[in-house]
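Welcome! Please take a moment to look over the model below before reading on.

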Amino acid sequence: MQPYDFDKPTHRLGTNSYKWDEHPDALPMWVADMDFEVAPCITEALHRRVDHAIFGYTFVPDSYYQAVVSWFQRRHQWTIDPTWMLYTSGVVPALSCAIKALTMPGERVLVCTPVYNCFFSSIRNNGCEPLECMLQRRSNNTFEVDYAVFEALCADEKTTLFVLCNPHNPAGRVWRRDELEQLRDICRRNHVRIVSDEIHCELVMPGHQYVPFGTVDPDAVILTSPSKSFNTAGLQIANIICRDAETRRRIDRAININEVCDVNPFGVIALQAAYNHGEEWLQQLNQYLYGNYQALLAFFDEHLPQLTVTPLEGTYLVWVDIRPTGLTSDQVTYLLLSQAHLYVSSGTLYHGEGYIRLNIACPRSRMTEGLQRLAKTLDEVLKS
């Protein structure tokens with residue numbers, strides 16, 4: 001296996017990077033993209049495409065569908081028929097199209113909070129009301145669903161759709177099959193449809209296993225993309241996987257109504273390169289991210305033992321309980337940005353007051369610098 005150098009410094013300032021150039025004087029550990037170069041197979045495939053020097057409208061070839069089918073069958077034992085797939089420009093547009101297709105304005109869409117902030121905007125933009133089932137923190141500091149509350153919310157006659165985050169951002173859970181089966185059974189009893197955002201599905205820590213929700217409920221609508229696992233968000237490609245032909249027709253119609261039916265030619269190329277040739281790179285990436293997580297845990301144990309790090313089962317986004325500071329999430333976020341020049345995500349974005357979210361997908365030296373800035377600032381708060 002070719003070794004990849006994830007410790008290699010990367011430089012993104014001045015590249016119109018949303019992550020780096022919004023606050024160019026701050027070290028960014030917020031938005032979910034990685035400070036690693038992509039797998040060489042992707043760069044090589046894109047170079048070949050650029051060398052063609054014509055960038056017209058893109059036809060998505062059969063080889064694209066086969067790459068997706070082969071990837072999920074090979075890695076996750078999920079058999080997908082190519083005819084179940086619809087492509088679009090990203091998972092958020094895909095979610096909006098699914099909500100438009102499966103709900104009526106005024107209905108309620110259930111989410112388990114804290115959760116990815118764009119869920120709320122996608123729900124409201126389609127005239128629906130977000131309905132929150134707050135995840136419960138267990139004695140081991142992981143989060144779980146309160147199934148009694150979840151069922152009561154599903155029983156509300158206005159609740160028609162549940163949006164699942166699998167793995168969960170920002171709580172870091174990789175849901176077990178038995179947990180997913182409970183959610184499926186409750187939704188079936190109450191005639192609630194399920195859409196599952198699985199964009200982080202390849203980013204899983206040792207000892208945990210991603211379970212495609214499509215293997216639990218074949219009638220669910222599944223949203224996937226290589227963008228998080230292969231760091232290609234700017235290439236704008238995602239897939240909606242839906243077995244039911246009538247539901248798929250309605251979603252396809254919503255894709256056209258929302259005018260997100262055309263995709264970037266580089267995204268089509270990058271997906272095929274990643275899924276056909278990028279598996280070794282991804283395996284090494286996950287090992288490196290696990291090393292970053294272990295280093296972060298050791299740092300908190302030594303320098304910030306008052307704060308609790310939520311166990312990270314999947315994603316590269318660490319959820320930290322900052323309530324011992326006595327400050328709100330927004331206050332801590334502002335303090336870190338203004339005093340430490342460290343940009344993190346406030347838990348209020350995800351309806352998770354009392355927490356901040358840290359992105360650890362960067363060279364370890366850069367993460368360590370960010371943690372040192374965080375500790376210096378918060379240690380003063382904790383001592384005051």
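The model is predicted: local features need pLDDT of at least 70, side-chain atom pairs count only at pLDDT 80 or more, and totals for chains, interfaces and linings use all residues. Residues are numbered from 1 along each chain as its sequence is written, and side-chain values use heavy atoms, with hydrogens and water left out. As background, most peptide bonds are trans, and most residues other than glycine have a negative phi.

**Cis peptide bonds**

- Thr113 and Pro114 are joined by a cis peptide bond, with omega about 5°.
- To find Pro114, look in the loop that runs between strand E3 (108-113) and helix H5 (118-125); helices (H or I, at least four residues) and strands (E, at least two) are DSSP runs, numbered from the N terminus.
- Going from Asn166 to Pro167, the peptide bond is also cis, and its omega is near -5°.
- Pro167 sits in the loop between strand E7 (159-165) and helix H7 (177-189).

**Positive phi angles**

- Thr315 is not a glycine, yet its phi is positive, at about 75°.
- The loop between strand E11 (308-309) and strand E12 (317-321) is the place of Thr315.
- Thr315 is buried, with a relative accessible area of 0% (buried means under 20% relative accessible area, exposed over 50%, and partly exposed in between, using a 1.4 Å probe and protein chains only).
- His351, not a glycine either, has a positive phi of about 60°.
- You can find His351 in the loop between strand E14 (345-346) and strand E15 (355-359).
- His351 is partly exposed, and its relative accessible area is 27%.
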